[in-house]
Amino acid sequence: MSASSATGTSRTSWRWAIAVVCALGLAINYIDRSAISVSLPYMTEDLHISETQQGLILSAFSWSYAVMQIPAGSLIDKFGERLMFGAAVFVWSLCTGLTFLANSFAVLFGLRLGLGIGEAGAYPAAAKTVSRWFPQRERARGTSVYDSGARIGSAVATPVIAGIIGLWGWHYVFLIAGILGILWAIGWWALYRRPEAFFGRVSDGELAHINEGREEEARLTAQASTDTAIPVRILLRKRAVWAMMIGFFCVNFAVTFFLTWFPTYLVDERGFDLLKLGVFGSIPPICAIVGSWCGGLVGDFLLGRGWSLTRTRKTCLVVGMVLTAFIGAAAAVPTAGMALTLMSISYFGSAFTIVTIWCLPGDFVPTSTVGVLGGTQNFFSNIGSALNPIVVGALYGATGAFGLPLLLSGVVCLVGACVFALMLPNVAQIDFSRDLTRAQGATA
């Protein structure tokens, strides 16, 4: 479509292309995360890493990732998603590529910390991008597109990384992944723009569609006399924010098992060799891709059927958390096939849930604050991600089996379902005008 025709009455669909580009970034994100978990069983022989050190390495990413969430979200709101999304991908890809040279536990641990610092900006930047490019009634599908990129990355990672290990060894896994991410960052900086400045390609019809339903957001922003991000200290006064953080903590505690100990579980407890790991280990991530798509489609379908935003979001969250809890049942089944089936259902449920979780920042706050609220909820959720590898490693080391860690993960998911059902308030734009007025008065 030419630039001149784009300004006519016909509606373009560039928002979906932007969501797909975000999906590619998140796919690289999860390939880089998964690289260590798939490679670790084979790295331990070269680097002489103990089980305790394995747990520390797997958790190192999550600690720095969690700590940097709020700063990353604030930087995204201040400098914009174009600059900061590209910077995030560049930093984590550099750390991934340098893992090619890792020769000790200390070096590997440090690079994993660096990976977490870089990846902290990915989801808040993608959430802000979708909030800017999509109206609320399409936001679940837009979120499902970029979130499915993470699931595709997880699914592709296991067979591809296993293949690279088999051909050239684990070192080249990180070199190839690092180069891929740096190329994406350069492309993002060169091409991404906001809708109204997208090279004249976004039609008036699409711009009107994107801005549909933003009247309440604009009214509350004007009433608060600010179009800058709401401070974190004010966000933390709201029950909705705490429900988002605690619920996300619960789902992340469980889903991190798939990104860390899952390959080791299949190799050590279920007897998978490298070929079986590459083939069957990709089944749960493939189910997660479908779960992400279903989360977006179901959420927008229910809104289209006239369900309220609150009923829609809560239904998707609670159902998804209950499905995620199936990971606990895998502890009690005798065969690898049954365990893989239950874990596939669990991974499906987690992706289904996470799509709706990442819609919530745009539901509760104006676009100017989506980055910092996304970072805030992701900070708390990734404390769960950081704890999981350590807890699983300690329980596995103490019992010699994964049964107790899996059961604990299932219970945590049920707690999350209760939090979303009972603690999350009505889903609507929060009025911060009084909070900001009191804050301004206190500093006057």
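Predicted model: local features only at pLDDT ≥ 70, side-chain atom pairs only at ≥ 80, totals over all residues.

Mentor: Residues are numbered from 1 along each chain as its sequence is written, and side-chain values use heavy atoms, with hydrogens and water left out.

Trainee: How many aromatic pairs does the structure hold?
Mentor: Rings of Phe, Tyr and Trp (its six-membered ring) pair if their centres lie within 6.5 Å; planes under 30 degrees apart are stacked, over 60 edge-to-face and the rest tilted. The total of aromatic pairs is 29.

Trainee: Which geometry does the pair of phenylalanine 257 and tyrosine 265 have?
Mentor: The ring centres are 5.9 Å apart. The angle between the planes is 65°, and the pair is edge-to-face.

Trainee: Is phenylalanine 257 buried or exposed?
Mentor: Buried means under 20% relative accessible area, exposed over 50%, and partly exposed in between (1.4 Å probe, protein chains only). Because its relative accessibility is 0%, phenylalanine 257 counts as buried.

Trainee: Which ring lies under arginine 311?
Mentor: A charge sits over a ring if NZ of Lys or CZ of Arg is within 6 Å of the ring centre and within 35 degrees of the ring normal. At 3.6 Å from the ring centre, arginine 311 lies over the face of tryptophan 307.

Trainee: Why does isoleucine 117 count as partly exposed?
Mentor: Isoleucine 117 is found in helix H6, residues 105-119. It counts as partly exposed because its relative accessibility is 42%.

Terms used: Helix = DSSP H or I, 4+ residues; strand = E, 2+ residues; numbered from the N terminus.
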